[in-house]
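Dear colleague,

I am handing over the structure below, and I would be grateful if you could look through it beside the notes that follow.

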Amino acid sequence: MSAYVIAGIFVLLILLAGYLFISHSIEKKRIQRQRLVTALRARRNSFRDLATGFPQGFLSNDLTGLLYRALIDCCEQLSRLEPNDPTHAENLSLYSNLLAAQKETSGQNKVRLDNPQQIKEANHLLQELHKFVLQQSALNHINQVQTEAYTDQINRLTLQITVDGHVFNARQAQQIGKVRLAIHHYGLARKALAAGNGSHLFDKQIAQLDAVMSKLEEKADVIGEAATANGATATPKRQVDDSTSSKEWKQFEEENEKWKKKSIYD
């Protein structure tokens with residue numbers, strides 16, 4: 001009789017151990033699944049912010065398509081992991097339709113950013129987009145040729161918004177009559193373009209900036225001659241302008257140094 005009891009206890013212990021092992025495995029898989037869902041949701045939100053954060057038409061079709069394909073992949077995985085959540089299927093349909101429509105879109109005009117806040121936000125988003133491209137390359141989701149093409153497009157956009165920022169500041173200076181300061185900002189825009197003009201793609205823009213600065217130089221000379229002829233004392237005003245120009249120069253030199261450290265351009 002005692003042998004049966006011992007055997008029974010032994011079987012119960014085996015069953016209990018098996019139950020605990022299975023329960024632990026199920027809980028472990030549940031936790032892993034939840035972590036994967038959380039990570040996929042975070043990735044989807046990040047890609048969505050990149051796809052919608054830029055002004056419409058700012059990104060090239062290639063970069064926009066890359067983001068839509070990443071969003072589609074996230075939504076497909078989320079649909080399999082959470083089949084009862086209808087939002088995943090809805091998002092999958094949305095981004096698939098946007099990708100199809102985007103492929104049918106022909107060439108588009110370049111979108112210029114016209115205020116400092118837009119430029120600041122776009123610069124941050126471009127940095128995040130560049131990180132994403134490098135991650136996709138490291139995971140072999142895109143090949144080396146694609147990586148270089150995407151990186152080149154991001155670099156061009158970064159250059160574009162840098163130039164847009166300098167041109168915006170130049171126009172602001174013109175509006176308040178600070179011709180020399182306007183020339184200074186146009187000069188920074190020209191310098192940025194020249195640094196990325198190894199293939200002479202920006203020759204036309206550089207020539208346009210040269211023409212604008214030449215006209216402003218003539219205007220500044222006329223203003224200076226008129227002030228001298230009228231016996232005006234321009235020293236205090238010039239000191240203010242020089243101080244302002246010095247501050248602006250320091251600010252944009254710091255920006256240029258940061259830009260160089262990131263090795264965006266050779």
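Leaving aside neighbours within four places in sequence, L126 is in contact (heavy atoms within 4.5 Å) with F54, F58, L59, I154, L157, T158 and I161. Please bear in mind that this is a predicted model, in which local features need pLDDT of at least 70 and side-chain atom pairs count only at pLDDT 80 or more, while totals for chains, interfaces and linings use all residues. Residues are numbered from 1 along each chain as its sequence is written, and side-chain values use heavy atoms, with hydrogens and water left out.

The core

L126 is also one of the residues with the most contacts inside the largest nonpolar core, the others being F54, F58, L59 and L129, and this core has 32 residues. A nonpolar core is here a set of buried Ala, Val, Leu, Ile, Met, Phe, Trp, Tyr and Cys residues joined through side-chain atoms within 4.5 Å, and buried means under 20% relative accessible area, with exposed over 50% and partly exposed in between (1.4 Å probe, protein chains only). At least two residues of this core are supplied by each of α1 (2-53), α2 (61-81), α3 (86-104), α4 (116-138) and α5, and the largest share, ten residues, comes from α2. Apart from this core lies another, of 19 residues, which includes A170, A182, L209 and A220. As a general remark, nonpolar side chains tend to be buried together in soluble globular proteins.

The protein as a whole

The secondary structure comes to eight helices and zero strands, where helices (H or I, at least four residues) and strands (E, at least two) are DSSP runs numbered from the N terminus. Of the 266 residues in the protein, 30% are buried, and the protein exposes about 17300 Å², of which carbon and sulfur atoms supply 56%; the areas come from the Shrake-Rupley method with a 1.4 Å probe. Among the contacts with a separation of 6 or more, 72% are between residues 24 or more positions apart.

Helix packing

The axes of α4 and α5 come within 10 Å and cross at roughly 170°, the axes being lines fitted to C-alpha atoms, for helices over the stretch in contact, and the angles running from 0 to 180 degrees between N-to-C directions. That makes α4 roughly antiparallel to α5, a term that applies to angles over 145 degrees. Residues that make this contact include I119, L126, L129 and V133 of α4 and I154, L157, I161 and F168 of α5. By class, the residues of the contact of α4 with α5 divide into eleven nonpolar, eight polar and one charged, with Ala, Val, Leu, Ile, Met, Phe, Trp, Tyr, Cys and Pro counted as nonpolar, Asp, Glu, Lys and Arg as charged, and the others, Gly among them, as polar.

Helix α5 (residues 144-175) also meets helix α6 (residues 179-195), where the axes come within 7 Å and cross at roughly 170°, so that α5 is roughly antiparallel to α6. Among the residues that make the contact are L159, V163, H166 and A170 of α5 and L181, A182, H185 and L188 of α6, and the contact has twelve nonpolar, five polar and one charged residues.

Residues to check

N140, in the loop between α4 and α5, has a positive phi near 65° and is exposed, with a relative accessible area of 66%. H200, in the loop between α6 and α7 (203-229), likewise has a positive phi, of about 65°, although it is not a glycine, and counts as exposed at 55% relative accessibility.

Finally, T38 in helix α1 counts as partly exposed at 45% relative accessibility, and T38 and L78, which are 40 residues apart in sequence, are 9.6 Å apart in space, C-alpha to C-alpha.

With kind regards

Definitions and conventions: Angles under 35 degrees count as roughly parallel, over 145 as roughly antiparallel, 65 to 115 as roughly perpendicular and the rest as oblique.
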